[in-house]
Every structure is written in structure tokens, then in C-alpha cells.
Amino acid sequence: MSLTRCLLVQTEIKEFIKQCMLAVGTKASHASSLADVLVEGDLRGHYSHGLNRMDLYVKEIQAGICAKEGKPVVEKESVATALVNGNNLLGPVVGNFCMSLALKKAQDVGIGWVVANGSNHYGIAGYYSMQALKKNMIGMCYTNTSPLVVPTRGKECTLGTNPISVAAPAKDGDSFELDMATSAVALGKVELQARNGRSIPEGWGCDANGLPSSDPKAVLSGGGLVPVGGSETTGGYKGYGLALMVEVFCGILAGSHYSKYIRTWRMTNCRANLGQCFVALNPEFFADGFNDRMSDLLSLHRNLEPAGPNMPVMVPGDPERRHNQPCHELNGIPYSLSVVKHMNEVASTLGVTPLLPTNRLIQ
């Protein structure tokens, strides 16, 4: 993020996103669902999946490759499972529908496992898994994505960043909140280094021959990202296996596009047809005392003596909480001024007013 930052209030960001989506014909409730997900991503510090990505959704609606209105449809169902057709709707609309259904099933029979085809990019995966926390349940969420990752020993991008998210409740509102890609790094980080003329750490990506590279341009032009773990010798095959596991739960189980059959990232001439998976588990159907043990597990790790000063051991979800706290104290979210200006340019082309303020600069 640039040093010049602008403070925006959550309500104004949501309204701005909603108005931009309405301007291209999106149904109001669908536009609101998208705004909620994007702002949550920014609150948690995942700026690559928040306001920064709004123009992607606008372009897909404008191009006619994402449906403006409609409803997801259950095509096959049991007491614990469901197959949903997302009807090419915005990802958050499909995601909210599926997670709600999974939670209802888990409430009744202990588990809900719902997969969807015909979906689109849905923001941060954690947004859906964390919905289970409100019901004191465990939530899991997975999605396949456009191929950006080269499998171990390969040269061609055949897998997406294929995120994994798991949320589990502890006591007193505390929780375990894992939200991670199965690639070593996000594509945006490589792009940023390329724009700034800087090299990247070895273990982020490879060149067109599948060899490790510290040149971001080699990664972006014919190469690709590598799985979590980096090369084979440092455990990259484990990340590769996790990415394939996500495909099993999503593309294969749901009957959507998968692997290299998914469209190229940011392509706007065909539908995405992403596969997604939403799971809810009700601890009440398992051993008593789940929340107590979860709290103990989290405390055990947070209270470990750190290897370095001022670097406490954290658990998944803690970095996001640390980012969220100042946002609440500031009563707003700090954004890169360049991002705000770019999104205002997008809004101007759509005839949307008012634009986001650019005069609330902060250090």
C-alpha cells in the first residue's frame, strides 16, 4: 500500500460499491451482498480482495458474462448435502445462499456439505466460513480459481490459488479463522514487484521452463506462481496436493469448470463457471466441551515464548484482528489514495455520484 492513505467510512464504501453495481444493472440485494464481502475483506487487511477489485465485478456485469439477477437453484439434495446451480450470479450471492443452506442442514443433522457450480469470484473465502461462528459451528469454504499456479515438476499453469478457509468457535467470541491460498503468494504481490522494478524472493514463482525465478517479469510472462512450500525440495508438493484437493471438493464434485479449463484471469469473453464448496459442522453432535478445548488450544499457542522480541506467536485470525482494531478506533478503513482515485474514475464513467472523498488523508 502506498504511504499516502485515505480514511473511508464503511457505510460510504458500501454505498459507493452498491451504486456502481446498480449503475450496470445489478439487482439491489445482489449489489449489497457484494459490497458487504468486499468491505469485510478490507477490514481484515486483505486489500487485494476488497474495494481494489470492484472494477472486476463491474466489467463482468458489463460484458454480460455474469448474471445481473436471478437466484441460485438446488438441483440435488439430501438431509446433509446439496448440489447448487449458481446460475452465473455474483459469487457472494451464490456463497451466501450455499452457506446458509449448509448451516441449516448442520443444525438438523450435524453436518451440511453444499457444492455449487455456475458461480463467480466471491471475495475472501473466510467471509463464508466465519458465518458458521454466529451459530457456534465450524465452517469450511473452498473455491477453485483461474489457473495461475504451476504444479510441482510442471511448466504450465493448471491450478488456481484455490483458497482454503476454516473457522471454529472458542469461548467468549474468540475463534480460529484460517483463510489461505494454496499458492505460495498472491499474484498481485508479484505484479507489484514488477511495477517497481524489484526482484521477488525465490519460492514465489517460476519461469516458462518451470525453474525457480526471482524475476517477476519471468513469472508473469510465461511462468507462474508455485504452490505453498515453493519447490519440491522445500515441500511445494504439499501445496500442490492441497490445491488439487480443493479441485476435488469444488470443480470435480460440483461439475463446474476445473483446472486449466477455467478461463484465464480477468478474461471477459466467457463465463467463469467456478466450483465452490461450503461445509458446516455442528459441535453439538460430537464430544462435549468443544469451545473450552478450542480456547485452550488457542491460548496454548498464543502464550508460547516467541523466538524473537516483539514477535508474539499468533493463531490464524489474529493478524486480521490486529488490522481490524485500528479500523474500529479510527471509525474507518485506511486505503491507498491511488486505489480510491482509480475507483472514482471507474464510478465517473458509470455516472455514479457522490464519489469517494479523497481529502481525509492519514499517516
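**Domains, pockets and backbone**

Modeller: The domain assignment, whose bounds come from an automatic or database source, gives domain 1 (1-69 + 332-362), domain 2 (73-179 + 235-323) and domain 3 (185-225). The model is predicted, so local features need pLDDT of at least 70 and side-chain atom pairs count only at pLDDT 80 or more, while totals for chains, interfaces and linings use all residues. Residues are numbered from 1 along each chain as its sequence is written, and side-chain values use heavy atoms, with hydrogens and water left out.

Biologist: How many residues does the contact take from domain 1 and from domain 2?

Modeller: The C-alpha centres of domain 1 and domain 2 lie 24 Å apart. Their contact (heavy atoms within 4.5 Å) takes 26 residues from domain 1 and 27 residues from domain 2.

Biologist: What area is buried between domain 1 and domain 2?

Modeller: The buried area is about 2400 Å², and carbon and sulfur atoms give 64% of it. Buried area is the accessible area (1.4 Å probe) that two parts lose on being put together, summed over both. On the side of domain 1, Val37, Arg44 and Ile65 supply 30% of the area buried against domain 2, more than any other three residues.

Biologist: And how many salt bridges are found across that interface?

Modeller: The rule finds two across the interface of domain 1 and domain 2. A salt bridge here is a side-chain nitrogen of Lys or Arg within 4 Å of a carboxyl oxygen of Asp or Glu. Elsewhere in my notes, Arg263 forms a salt bridge with Glu60, with the closest N and O atoms 2.3 Å apart.

Biologist: Changing topic, how much space lies in the largest pocket?

Modeller: About 1700 Å³. It is lined by 50 residues, and the closest to its centre are Ser48, His49, Arg53, Ala186 and Gly188. On a 1 Å grid over the protein atoms alone, a pocket is an open set of points with protein on both sides within 12 Å along at least five of seven lines, whereas a cavity is a set where a 1.4 Å probe fits but cannot get out; lining residues have an atom within 4 Å of a point. Points are joined across faces, edges and corners, and a volume is the space filled by probe spheres set on them.

Biologist: Which element gives the most to that lining?

Modeller: Helix H6 (187-195) gives the most to the lining of the largest pocket, with six residues. Helices (H or I, at least four residues) and strands (E, at least two) are DSSP runs, numbered from the N terminus.

Biologist: What about the second largest pocket: which residues lie nearest its centre?

Modeller: Glu40, Tyr127, Met130, Gln131 and Lys134 lie nearest the centre, out of 14 lining residues. The space in the second largest pocket is about 380 Å³.

Biologist: How many cavities of 30 Å³ or more does a search of the whole structure find?

Modeller: The search finds one. Its lining includes Arg44, Met130 and Glu177. Helix H5 (126-129), strand S6 (164-169) and S7 each supply at least two residues of that lining.

Biologist: Lastly, where is the cis peptide bond?

Modeller: The bond from Thr353 to Pro354 is cis, with omega near -5°. Pro354 is found in the loop between H11 and strand S13 (361-362). Asn88 has a positive phi, near 60°, and is found in the loop between strand S3 (81-85) and helix H4 (91-109). Most residues other than glycine have a negative phi, and most peptide bonds are trans.
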